[in-house]
Amino acid sequence: MKFEDLIKPKTTVEFMEKFNNSETFVIKGNKNKFNKLITLEEIESVVNNGCNFSTPLEIIIDGGRKFYVEKNIPWTQFATKKSVIKQLLEKKHSFLMRNQSQINSKVSALITSIEKTFNFSADLHLYISPVVSGSGYNAHRDRPQHKIYLQVMGKTNWTIFNYNNNLPENVHALSEEEEVKYLNKLMSIELEPGDLLYMPPDTFHKVRNYNEPRISFSIPFNKVDDKFKKMDRTYIPFKKIFESNL
Ligand SMILES: [Fe+2]
């Protein structure tokens, strides 16, 4: 899937018009639109790689996120505490896995296509709620990255806010009590499977899921200077290489 297919029925020109206007908008899609991008087996495989030290799974808890890792193990730098994570997932905690732009070749091709369209650098963060009513972050804003968010399975409910002039520049997240003081609700969005949301940098948002498990792709992308080296996502056809010498 390339960027043009991702945003259908919108065209790149239509997308860019809203993008350049800093608009938050949704592109509704068929419920199966993103089905083939990832499988539950692929997610299960990365979740079980407890020694994946550059991107351990993070649990969404108390309105933020947290690593559960064991350090000072003789045979590795650190490893995830998988028994703790298993329990937290069963207790309705959502989780996030960053840097998954190479989880399979289809995802790699999509993320690379986004990079080429914008001449930006892009990544993929997986947000997953394995059980209904999973935990979510407090209202927050992400900077400097733009965001394309894909609802792959299940639904999410989004609240988008405007912020008041009294909001300190260095504040990125607000508790529920602080929302009243600094934020005004701008819109409420229900994302269903197949929907895409675009959100400009600096947009305050809060996401919740309720009635079913969900899988979401959060694709941050931002401008980088020309010297920035983009990620090398060359596909290594291991099986083909191996079998060619049998
Ligand atoms: Fe966010």
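Two residues are in contact if their C-beta atoms, placed from the backbone, lie within 7 Å. In the protein chain, 82% of the contacts with a separation of 6 or more are between residues 24 or more positions apart. This is a predicted model, in which local features need pLDDT of at least 70 and side-chain atom pairs count only at pLDDT 80 or more, while totals for chains, interfaces and linings use all residues. Residues are numbered from 1 along each chain as its sequence is written.

The protein chain has seven helices and 16 strands. These are DSSP runs numbered from the N terminus, with helices being H or I of at least four residues and strands being E of at least two. The radius of gyration of the chain is 19 Å, close to the 18 Å that the globule rule gives for 246 residues, so the chain is as compact as a globular protein of that length. That radius is taken over C-alpha atoms, and the globule rule is 2.2 Å times the number of residues to the power 0.38. Of the 246 residues, 25% count as buried. A residue is buried if 20 or more other C-beta atoms lie within 10 Å of its own, exposed if 12 or fewer, and partly exposed in between.

In soluble globular proteins, nonpolar side chains tend to be buried together. Here the largest nonpolar core has 33 residues, and I111, L150, L196, F217 and I219 touch the most other members. Elements that each supply at least two residues of this core include helix 4 (82–90), helix 5 (105–118), strand 10 (146–153) and strand 16 (214–223). A nonpolar core is a set of buried Ala, Val, Leu, Ile, Met, Phe, Trp, Tyr and Cys residues joined through C-beta atoms within 7 Å. Not counting residues up to four places away in sequence, L150 touches F34, L196, S216 and F217.

Helix 5 has 14 residues and reaches 20 Å from its first C-alpha to its last, close to the 20 Å expected at 1.5 Å a residue; the expected span is 1.5 Å times one less than the number of residues. Its buried residues are V107, L110, I111, I114 and E115. Seen down the helix axis, they fall within an arc of 140°, so they line one face of helix 5. The arc is that of the directions from the helix axis to the C-beta atoms. These buried residues pack against helix 1 (3–6), strand 7 (120–122) and strand 16. The face turned away from the buried side carries the exposed residues S105 and K106.

After helix 5 comes N119, whose phi is positive, near 55°. N119 lies in the loop between helix 5 and strand 7, and with 10 C-beta neighbours inside 10 Å it counts as exposed. The C-alpha atoms of N119 and D226 are separated by 9.2 Å, although the two are 107 residues apart along the chain. D226 is in the loop between strand 16 and helix 7 (238–243).

Strand 15 (residues 204–208) has four of its five residues buried, so it is largely enclosed by the rest of the structure. Five bridges join it to strand 11 (residues 156–163), and the two run antiparallel.

Most peptide bonds are trans. Cis peptide bonds join K8 and P9, and R143 and P144.

Notes:
Two strands pair if DSSP finds at least two bridges between them.
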